[in-house]
Amino acid sequence: LGSSAFWLQWKRPLLTNGKLQGYRIYYEVVKGTELGPRQEREPRIQDPDKKNAKLAGLEANTKYRIHIVGYTKVGEGEE
């Protein structure tokens with residue numbers, strides 16, 4: 001989606017520790033072998049059936065590491 005946004009798609013987790021509530025998307029800037037601070041995309045996705053989202057407002061010509069995790073009332077799942 002241009003140089004400052006990503007269109008993300010994922011599959012529902014095979015196993016959940018309770019009823020899936022939604023997803024959280026985290027991202028970090030990659031500079032060489034270093035990772036910047038982990039930031040969370042807002043708003044959180046509160047629909048467990050949704051399997052895509054836009055991640056925008058990023059720096060152009062920058063590498064990112066992106067994590068998408070499902071969450072339940074118990075907490076977050078594995079990445």
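Trainee: What relative accessibility does R44 have, and what does R44 count as?

Mentor: This is a predicted model, so every value here is computed from it. R44 has a relative accessibility of 35%, so R44 counts as partly exposed. The cut-offs are simple: buried is under 20%, exposed is over 50%, and partly exposed is in between.

Trainee: Which residue forms a salt bridge with R44?

Mentor: Start with the general idea. Side chains of opposite charge can pair when their charged atoms come close. Here R44 pairs with E40 in a salt bridge, with the closest N and O atoms 2.6 Å apart. E40 is partly exposed too, because its relative accessibility is 21%.

Trainee: How many salt bridges are found in the whole structure?

Mentor: The search finds 2. Besides the R44 and E40 pair, there is a salt bridge between R24 and E76, where the closest N and O atoms are 3.0 Å apart. R24 sits in strand β2 and E76 in the segment after β6 (63-71), so this pair ties together parts 52 residues apart in sequence.

Trainee: Is R24 buried or exposed?

Mentor: Apply the cut-off again. R24 has 15% relative accessibility, so R24 counts as buried.

Trainee: Which residues is R24 in contact with, apart from its neighbours in sequence?

Mentor: Set aside the residues within four places. R24 is then in contact with E40, R44, H67, I68, V69, Y71 and E76. Notice E40 and R44 in that list. They form the other salt bridge.

Trainee: Now R41. Where is R41 found?

Mentor: R41 is in the loop between β4 (39-40) and β5 (52-55). R41 is buried, yet has no salt bridge. The nearest side chain of opposite charge belongs to E42, and that is 7.5 Å away. A salt bridge needs a nitrogen and a carboxyl oxygen within 4 Å.

Trainee: Which backbone oxygens does the side chain of R41 reach?

Mentor: Look at two of them. One is the backbone oxygen of P43, at 2.7 Å. The other is that of K54, which lies 2.9 Å from a polar atom of the R41 side chain. Leaving aside neighbours within four places in sequence, R41 touches I25, Y27, A53, K54 and L55.

Trainee: What joins E42 and P43?

Mentor: For a peptide bond, check omega. A cis peptide bond joins E42 and P43, with omega of about 0°. P43 is in the loop between β4 and β5.

Trainee: How many residues make up the largest nonpolar core?

Mentor: There are 12 residues in all: L8, W10, L20, Y23, I25, Y27, V29, I45, A53, L55, L58 and Y64. β2 gives the most, with 4.

Trainee: What is the phi of N61?

Mentor: N61 has a positive phi of about 55°, although N61 is not a glycine. N61 lies in the loop between β5 and β6. N61 is exposed, because its relative accessible area is 77%.

Trainee: Now step back. How many helices and strands does the chain have?

Mentor: The chain has 0 helices and 6 strands. Along the sequence, the pattern reads β-β-β-β-β-β. The C-alpha atoms fill a box of roughly 40 × 25 × 20 Å along the principal axes.

Trainee: What share of the residues is buried?

Mentor: Of the 79 residues, 29% are buried. The accessible surface is about 5700 Å², and 47% of that belongs to carbon and sulfur atoms.

Trainee: What share of the contacts joins residues at least 24 apart?

Mentor: Count contacts between residues at least 6 apart in sequence. Of these, 69% join residues at least 24 apart.

Technical notes. Residues are numbered from 1 along each chain as its sequence is written. This is a predicted model: local features need pLDDT of at least 70, side-chain atom pairs count only at pLDDT 80 or more; totals for chains, interfaces and linings use all residues. Side-chain values use heavy atoms; hydrogens and water are left out. Helices (H or I, at least four residues) and strands (E, at least two) are DSSP runs, numbered from the N terminus. Buried means under 20% relative accessible area, exposed over 50%, partly exposed in between (1.4 Å probe, protein chains only). Lys and Arg count as positive and Asp and Glu as negative; His and the chain ends are not counted. A polar contact is a pair of N or O atoms within 3.5 Å; within protein, one must be able to donate a hydrogen and the other to accept it, and residues adjacent in sequence count only if both atoms are side-chain atoms. Contact means heavy atoms within 4.5 Å. A nonpolar core is a set of buried Ala, Val, Leu, Ile, Met, Phe, Trp, Tyr and Cys residues joined through side-chain atoms within 4.5 Å. Accessible areas come from the Shrake-Rupley method with a 1.4 Å probe; for residues, only the protein chains shown count as cover.
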